[in-house]
Amino acid sequence: MADTNKTTNTPDLGDKPELGNGKDGSGSYQMRVGFGTIAMLISATGMGLVPLFSRWATRTDMFNGAAGLNAGDSIGALMAVGRMGMGVLFFVVLLLATHKVHVFKKLKLTPAIALGGLMIGMSLACYVTSTLLTTVSNAVLFIYIGPVVCVLLARIFRKEPMSKLQWICLGAVFIGMLFGNNLMGFGDNGFFVDFNLVPSTPEFPQKGIGDAFGLASGFFYGASMFFNGYRKDADTTARGVWNFIFAVIGAGSITIVLNSLGSIDPSMANWALNIHFTPFNWIGTVLLWIICGPIALGFLLVAGRNLPAADYGTIAYWEVPVAIFVGLVVFGEALTINTIIGGGAVPSIRGMIVGRKQKQQEEISENLAARLEKAEEDEHLQ
């Protein structure tokens with residue numbers, strides 16, 4: 001999952017610009033699209049490998065979910081704490097390496113920055129938990145209702161206008177999620193609609209709960225994008241430090257709540273952490289925290305500075321087929337025509353929305369540049 005840098009394009013009218021992303025704080029930077037494309041592919045691949053490493057890190061038998069976990073069911077949330085903690089470490093090192101400590105000190109911490117980090121931490125805690133309790137395809141497709149949640153929140157609270165095309169695109173994204181989770185699609189008897197999610201299977205005895213965590217991760221992901229739509233003037237590195245500090249708090253809160261429920265309520269004892277990892281599990285844990293942490297997040301930062309919004313938003317969805325491929329090849333999960341449709345509709349439609357916004361921004365910039373040039377010519381003639 002692409003994390004804190006996936007944002008909407010709405011400025012915060014209540015906050016004054018402070019610091020840009022350029023070396024001098026101005027925001028001027030010459031993008032390298034080819035380099036950014038490679039970086040985004042690497043980042044999205046790292047995000048898509050979360051289900052692989054989370055199961056490697058926690059399962060008694062990596063390839064057999066029915067064998068259980070070498071910890072309580074809240075271990076997924078704790079894995080997210082570790083990953084977000086590595087994100088803090090990475091951005092602090094980056095802050096020091098780029099000599100931006102003074103930029104961090106000058107950056108005003110606002111509720112939007114804090115809530116953006118808090119929501120992404122809670123989202124990842126729910127997402128990793130979901131990958132352990134339900135199928136990979138369900139977990140990854142549920143979390144990608146996030147863009148729908150983000151746009152709806154912006155429509156409700158910021159009164160952002162919605163065109164007919166955007167409503168159509170949002171509807172297509174939602175339908176894609178329904179296809180991907182086999183809530184509608186094509187079966188032996190033709191097209192079907194069935195909202196009766198299977199609550200349990202032999203390999204996933206808590207599949208219904210896992211699906212619920214997947215939906216929660218999508219909601220928190222959308223809320224994170226909504227809050228990250230504010231303060232886009234803030235320096236990426238300085239903001240990243242605050243985002244991931246609050247992400248640790250968010251993921252940590254989910255961990256504490258789940259572990260506490262397991263410790264207090266005997267009927268929920270399976271949620272107590274009860275960690276007894278093997279060396280094999282610890283290898284998976286380290287890989288999750290590093291590959292899906294600093295490496296994926298680092299390349300995400302590079303991509304964000306070198307790609308137009310349309311390319312950035314579209315390539316980011318490479319995470320979806322990577323995760324579904326992991327479920328198919330590594331864990332032998334069934335790949336249906338409905339999953340293929342759902343996994344393809346989401347990135348395609350999302351790319352349309354982002355591409356349209358980018359085109360509008362380019363047209364505005366071109367018109368403004370033309371007007372300025374004409375004004376200069378008129379002034380010169382006078």
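Tutor: Start with the naming. A helix is a DSSP run of H or I with at least four residues, a strand is a run of E with at least two, and each kind is numbered from the N terminus. Keep in mind that this is a predicted model.

By that count, the protein has 14 helices and two strands. Our part is the loop between α10 and α11, where N274 is found. Look at the backbone there. Most residues other than glycine have a negative phi. N274 has a positive phi of about 45°, although it is not a glycine. Is N274 buried or exposed? Its relative accessibility is 56%, and exposed means over 50%, so N274 counts as exposed.

Now turn to the aromatic rings. The whole structure holds 13 aromatic pairs. In one of them, the ring centres of F213 and W271 are 5.7 Å apart and the planes meet at 35°, so this pair is tilted. Where do the two partners come from? W271 belongs to the loop between α10 (236-264) and α11 (279-306), while F213 lies in helix α9 (residues 207-228), so the pair ties together parts that are 58 residues apart in sequence. Both partners are under the 20% limit for buried. W271 has a relative accessibility of 6%, and F213 a relative accessible area of 14%. So the loop has a buried residue, W271, as well as an exposed one, N274.

Another ring pair is F219 with F220. Their centres are 5.8 Å apart and their planes stand at 65°, so the pair is edge-to-face. F220 is buried at 16% relative accessibility, whereas F219 is partly exposed at 43%. Ring pairs also link F157, F226, F227 and Y230 into a cluster. Elsewhere, a charge meets a ring: the charged end of R55 sits over the ring of F331, 4.7 Å from its centre.

S74 itself is found in the loop between α2 and α3. Its relative accessible area is 0%, so S74 is buried.

Follow the chain on from there to helix α3 (residues 75-97). The 23 residues of α3 should span 33 Å at 1.5 Å a residue, and its end C-alpha atoms are 33 Å apart, which agrees. After α3 comes H99, in the loop between α3 and α4 (101-106). Phi of H99 is positive, near 55°, and H99 is not a glycine either. H99 is exposed, with a relative accessible area of 63%.

The largest nonpolar core has 82 residues, and M40, I75 and V140 touch the most other members. Which helix gives the largest share of this core? Helix α5 (residues 111-133) does, with twelve residues. Of the 23 residues of α5, 20 are buried, so α5 is largely enclosed by the rest of the structure. Its length checks out too: α5 should span 33 Å, and its end C-alpha atoms are 33 Å apart, which agrees. As for V140, its contacts beyond four places in sequence are Y127, V320, A323 and I324.

Of the 382 residues of the protein, 52% count as buried. Among contacts with a separation of 6 or more, 83% join residues 24 or more positions apart.

Confidence is highest in helix α2 (residues 50-58), at a mean of 96, and lowest in helix α14 (residues 337-381), at 59. Over residues 3-27, pLDDT stays under 50. The model still has 70 contacts beyond four places in sequence for that stretch. Read those contacts with care.

Key. Residues are numbered from 1 along each chain as its sequence is written. This is a predicted model: local features need pLDDT of at least 70, side-chain atom pairs count only at pLDDT 80 or more; totals for chains, interfaces and linings use all residues. Side-chain values use heavy atoms; hydrogens and water are left out. Rings of Phe, Tyr and Trp (its six-membered ring) pair if their centres lie within 6.5 Å; planes under 30 degrees apart count as stacked, over 60 as edge-to-face and the rest as tilted. Buried means under 20% relative accessible area, exposed over 50%, partly exposed in between (1.4 Å probe, protein chains only). A charge sits over a ring if NZ of Lys or CZ of Arg is within 6 Å of the ring centre and within 35 degrees of the ring normal. pLDDT is the predictor's confidence in each residue, from 0 to 100. Contact means heavy atoms within 4.5 Å. The expected span of a helix is 1.5 Å times one less than its number of residues. A nonpolar core is a set of buried Ala, Val, Leu, Ile, Met, Phe, Trp, Tyr and Cys residues joined through side-chain atoms within 4.5 Å.
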